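Here is a note for a colleague on the structure shown below. The points are numbered, and each can be checked against the coordinates.

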Amino acid sequence: MASKASAWVLLVVRLLVAVVAGLAPVAAAEEAAFDENYVVQWGEDGYHLVIRGTEANITMDQSSGAGFRSKSMYGSGFFHMRMKLPSGYTAGVVTTFYLISQPEDGNRDEVDFEFLGDKAGVPITLQTNVFVNGRGDREQRLHLWFDPAADFHDYKILWNPYQLVMFVDDTPVRVLRNLTGTVPGYPFPAKETMLIRASIWDGSDWATDGGRTKVDWSQGPFTAGYQGFDVSGCANGSATPCHSPDLWWNGGEYRNITAEQRAAYEDVKRNYVNYDYCADKARFNNTVPIECNYA
């Protein structure tokens, strides 16, 4: 009888432990430190690029800007970076997060988030661009529905064999399907691997008012904050092929945007985009690039 009682007590204890374990909150994954996946590319002087574990600040003044890149190159993935942009008068200042193939020559592929500063009180412009085999000229520009200099926001690039989608937080702001297999001449970034890069630099010759408004160095220095140094991507040399459906970002739910995402994307195009190369027929001899017919 005593042994039966002991067995029941042990069973009850195990059940209680299981219940408590099930109710206990799961600890959040530890944020990746900068040094795990990234290295300084330029501005390594202890001032223009300052690393504080899971956060990095990059600064531009009249002497220099700064930039960093991933240690690895990637053949597919769902990449992201949390950014807080310089505030106040930032005309001419360009702050970036992008993917780029190597070598950086006339045949490169590139996917750009470029934040173009402006005069105090004028919204920062987000410009996206896509280069395929060295050809860009695919700019889209919009004013965001929030102030990107007020706090950190997540900027994401989904690049897989099926589509390229650029997100601001969880809202798609650019979508390019991969129709290279069915539409002759259709452009899609298909270089085997790309680096992740970020930078801040002087774009006075073009970034604000077509280059008419320049950087005012008396308003500097200009500092941007970066977080989110984990990488969900297929690194060069991976044992799993970068097009494999076993990689979660290549799975079925990432091969097309959802109906909800499509609605949000259409809202962005309707209410926030202020320049779209697809609508600029004069620029392309009264026609549009082929991909614009499938947007």
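**Notes on the predicted model**

1. Arg283 and Asp137 form a salt bridge, in which the closest N and O atoms are 3.3 Å apart; the coordinates are those of a predicted model. Arg283 belongs to the segment after β16, whereas Asp137 sits in the loop between β8 (125–131) and β9 (140–143), so the pair ties together parts that are 146 residues apart in sequence. Arg283 counts as partly exposed at 31% relative accessibility, and Asp137 likewise counts as partly exposed, at 39% relative accessibility.

2. Salt bridges with shared partners also join Asp118, Lys119 and Asp209 into one network. Asp118 is buried, with 11% relative accessibility, while Lys119 is partly exposed, with a relative accessible area of 30%.

3. How many salt bridges does the count come to? The total is 12 salt bridges, and one of them is the pair of Arg197 and Glu104, whose closest N and O atoms lie 2.4 Å apart. Glu104, by contrast, is partly exposed at 42% relative accessibility.

4. The next point concerns strand β5 (residues 74–84), where nine of the 11 residues are buried, so that the strand is largely enclosed by the rest of the structure. Which strand is joined to β5 by seven bridges? That strand is β10 (residues 153–159), and β5 and β10 run antiparallel; in β10, Trp159 is the bridge partner of Gly77.

5. With strand β15 (residues 232–235), β5 pairs in the antiparallel sense over three bridges, and here Gly77 stands opposite Gly233. With strand β14 (residues 222–227), the pairing of β5 is again antiparallel and extends over three bridges; Gly225 in β14 is the bridge partner of Lys84.

6. As for the packing of nonpolar residues, the largest nonpolar core holds 49 residues, of which Phe68, Phe97, Phe113, Phe115, Tyr155 and Tyr226 touch the most other members. Strand β5 contributes the largest share of this core, namely four residues. There is also a second, separate core of 12 residues, and Leu247, Trp249, Tyr254 and Tyr265 are among them. As general background, nonpolar side chains in soluble globular proteins tend to be buried together.

7. A search of the whole structure finds two disulfides, and with the bonded cysteines numbered in sequence order, the pairing in the chain is 1-2, 3-4. In the disulfide of Cys234 and Cys242, the sulfur atoms are 2.1 Å apart, and the link is left-handed, with -80° about the S-S bond. Cys234 is buried at 2% relative accessibility. Cys242 has a relative accessible area of 19% and is also buried, because the cut-off for that class is under 20%.

8. The other disulfide is formed by Cys278 and Cys292, with the sulfur atoms 2.0 Å apart. Cys278 and Cys292 both lie in the segment after β16 (273–276), 14 residues apart. This link is left-handed too, at -80° about the S-S bond. Are these cysteines buried or exposed? Cys278 is buried, and Cys292 is buried as well.

Notes
Residues are numbered from 1 along each chain as its sequence is written. This is a predicted model: local features need pLDDT of at least 70, side-chain atom pairs count only at pLDDT 80 or more; totals for chains, interfaces and linings use all residues. Side-chain values use heavy atoms; hydrogens and water are left out. Buried means under 20% relative accessible area, exposed over 50%, partly exposed in between (1.4 Å probe, protein chains only). Helices (H or I, at least four residues) and strands (E, at least two) are DSSP runs, numbered from the N terminus. Two strands pair if DSSP finds at least two bridges between them. A disulfide is a pair of cysteine sulfur atoms within 2.5 Å. A nonpolar core is a set of buried Ala, Val, Leu, Ile, Met, Phe, Trp, Tyr and Cys residues joined through side-chain atoms within 4.5 Å. A salt bridge is a side-chain nitrogen of Lys or Arg within 4 Å of a carboxyl oxygen of Asp or Glu.
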